[in-house]
Amino acid sequence: MSLNFLASSNSEGGIESWTKTLDHIEKAAQSKFTNLHGTSFFSVGANYLSLYTQLRKTMADIAGTFTKEDPTNEKALFKRAVGVLDLFLQFAQNSRETLSAFKNIHYKLWTRLDDFLHQPWISHDRNISTHLHNMVVLCAQFEPPFEQAWKNGDLITHKKFQPAFERFMGLDDADYYDDAERRNFVLLSQAYLQHALVSLRLITASRKVQVNWLNDKTRPTYVDFSCTTDEYLYGLGERPGVLSLRLKLGGQVTPEEQEKMNQAKEKAKEKAKEKAKEKAKEKAKEKAKEKAKEKANEKEKEKEKEKGKEKGKEKGKGKSRKKRPATGPAQEQPASKRPRPSAIQAYTMTMENVEADINTIHNDAQFMNAQQPSGDLLVTPVTANRAETLRTYGRELRALLSRHRAAFYRSNVPPISDVEIRRLLGLIEQQITALREQVGNVTSKSGSTNLKRAKLDAYSLRYLRALYMRLLLSLTVPVSDEEFRDALIDRLEDWVTFERVWNQADQNTQDSPRISSLLKLDAKNRMNNRYVNIRRWQEMQDQLGAPPPPPPDDPEPDDPDDPDDPDDPEDPEDPEDPEDPEDPEDPEDPEDPEEQEKAEEPQERKIFRPKITRTDVIPDDFDDSALWFVTPKRPSRTIYVSEKIDRRQEESARAHIIDKALWQSKKGEGEETRKLEARYALEDKLSAELAAALAKKGPPDHDKIPRETIIEKVILMIVIHHWRLFTARRIL
């Protein structure tokens, strides 16, 4: 059957013509595309590509009829066409040598797959995405070595390269309105560079020259140094130079250039060793100074104590002291309102925060009709997991939570004794220790069953820690600063363990060849968010483990309930002191109710949420193979509306309402609005700085970078794009 017949049959339209087309394609696939009779092709590869294109067009025509009232027959035919796709994949897998003999098969197949991926109807069947993913991987395997794209010391040019180069260089001519458009500008820069590399038949070159723009240790030297310096050419230590790009693209360097590249690496290593020695010496000196200061402070404190005792004895002579009634159990503050230990002022947990943690876990498991609590109550919110995964695990997760809740959840009415709470805390610690051991050895290659068990155990670990904190805050006798600090540190460790276990599972998703590219991208984003959390919580752990800050210069007021205070003018033996009828520091004094209310009011500590820079998102040992691509994101400005302005208007209106509601409260009018204005001022300042940085259009002396040959133009594009990535990484 000739191609003329296919064209005429397709013009007629209808199921009959589509069925004939699929019959012809199936017969050709079964004959391994070797039947060239009636065609204008002289090779199997050309016939293969032609029929693959024809199949895609036929599927598009069929999908266009799905909007009719009863497309049952069309959908059945479309499903048959999806099955025919597998015949093309099987032939390509089994006949690589046959297809590789066809010139530029990798480029021609890549362009057809790129067109296929942009069709809107590929979402009708999940098997299409699987087929396209496998074909893209297979197409990359057809690509010959990059050296074959060179001739006479330069890359072989093609007609599509120059337009791509001009589009790339013309990006700087536009005036960008805000950070969202600047982010879109970087995305376009990436796309145009990739188009240029593909036009040179280097379809996988973008992965070869990728750069981790989040890591300054491997930051290329050509984004910082002038093209007239040696660092620009040869690099510096782990930081690559321009010649490394030439090697990655299949080019060659002279022996002298290779020797200078090696010397640049060795020099950086020597400098790093010298800096490490200097830092070690400085740290030793600082430690010695700190020890000397600590000894001097201890001596001064001892002297001050002795002086205070002597003054107390002199003031206490001849003065009577009023006996204050002992505080009974009925006068103790409730556990939920009593202020917690004050040693950690940056990060703490209240009963409301703990209940928010518990409700968050209940909501993930759809347990007890719990709702997601407000984000303000979550001190350390974890990365949200996929709803489909949580629904799959729902029954087992609810069974675990039900068992833990029955064992360790205790209502405050009636109140339970501290002895019973301590017993429950000990049992929870035993279970937490066992769970940590179970999930500690899990990796992305542990198998799906073990990973599922580990993910459920991670939820148990987090839930038990939340119940532990709830019981700890229910104690009637306040815990010591050290015990509360240890509990906060252990809580952060369990939160870190939770994120790490789920990251191992998402890494398994990344490694699976059966997962679609969209799911892999979603998993990659969740992994990056979890790494941000892990870094932040580890910094919080370091702060909790650090020594408490020194006391202020002004001494705190003496405790009126301290019987050993030498400066207390009251005598515990005499309840009525005629010389001191009113004690302004006495919270029990009925004549001063405002002071009493202030004494009973709990002092809330600010939650510690340190700022994390984008350089801390990815750990040093993280697989950065996909970091070349920036996650696609819709710009915040459309044709008619700036969503940035809309967002600010909405936030300002809400802040104004809050300010009005809090007019009679402790906060002053306009506080929320002032916070927003300060934030917007900082955003505008950073945005202006980024605009000024991008206005430079490239690294120092970028106008002097050679651009005569094709390889020089390609290197120029890569240098400028990498400079854009590092310059604008704050908004990526």
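**Figure 1. Aspartate 684, partly exposed with a relative accessible area of 35%, and its salt-bridge partner arginine 648.** The model is predicted: local features require pLDDT of at least 70 and side-chain atom pairs pLDDT 80 or more, whereas totals for chains, interfaces and linings use all residues. Residues are numbered from 1 along each chain as its sequence is written, and side-chain values use heavy atoms, with hydrogens and water left out. Buried denotes a relative accessible area under 20%, exposed one over 50%, and partly exposed what lies in between (1.4 Å probe, protein chains only). Arginine 648 and aspartate 684 meet through their side chains in a salt bridge of 3.0 Å, N to O; the term requires a side-chain nitrogen of Lys or Arg within 4 Å of a carboxyl oxygen of Asp or Glu. The pair links distant parts of the chain, with arginine 648 in helix H22 (residues 643-661) and aspartate 684 in helix H23, 36 residues apart. Helices (H or I, at least four residues) and strands (E, at least two) are DSSP runs numbered from the N terminus. Arginine 648 counts as buried because its relative accessibility is 15%. Both residues belong to a salt-bridge network that links Arg647, Arg648, Glu651, Arg679, Glu683 and Asp684.

**Figure 2. The salt bridge between arginine 724 and aspartate 172.** The closest N and O atoms of these two residues are 3.0 Å apart. Arginine 724 lies in helix H24, and aspartate 172 in the loop between helix H8 (161-169) and helix H9 (179-199); 552 residues separate the two, so distant parts of the chain are linked. Arginine 724 and aspartate 172 are both buried. Side chains of opposite charge can pair when their charged atoms come close. By the stated rule, the count comes to 30 salt bridges.

**Figure 3. The salt bridge between aspartate 494 and arginine 465.** Here the closest N and O atoms are 2.6 Å apart. Because aspartate 494 lies in helix H19 (residues 481-511) and arginine 465 in helix H18 (residues 448-473), the pair ties together parts that are 29 residues apart in sequence. Aspartate 494 has 0% relative accessibility and therefore counts as buried. Arginine 465 is buried, with a relative accessible area of 4%.

**Figure 4. Charged surface patches, one negative and one positive.** The members of the negative patch are Glu266, Glu270, Glu274, Glu278, Glu282, Glu286, Glu290, Glu294, Glu298, Glu302 and Glu306. Lys267, Lys271, Lys275, Lys279, Lys283, Lys287, Lys291, Lys295, Lys299 and Lys303 form the positive patch. Patches comprise residues with over 30% relative accessible area and no salt bridge; like charges are joined within 9 Å, and nonpolar side chains (Val, Leu, Ile, Met, Phe, Trp, Tyr) within 5 Å. Lys and Arg count as positive and Asp and Glu as negative, without His and the chain ends; each charge is placed at NZ of Lys, CZ of Arg, CG of Asp or CD of Glu. Glutamate 298 lies in helix H13 (residues 255-316), and lysine 287 is also found in helix H13. Lysine 287 is exposed, with a relative accessible area of 54%.

Figure 5. Most residues other than glycine have a negative phi. Phenylalanine 33 counts as buried because its relative accessibility is 0%. Lysine 697 counts as partly exposed, at 35% relative accessibility.

Figure 6. Valine 242 is buried, with a relative accessible area of 7%. Leaving aside residues up to four places away in sequence, valine 242 touches Tyr222, Tyr232, Leu233, Ile715 and Val719; contact means heavy atoms within 4.5 Å. Valine 242 and isoleucine 718 are 476 residues apart in sequence, with 9.4 Å between them in space, C-alpha to C-alpha. In the protein, 76% of the contacts between residues at least 6 apart in sequence join residues at least 24 apart.

How values were computed: Accessible areas come from the Shrake-Rupley method with a 1.4 Å probe; for residues, only the protein chains shown count as cover.
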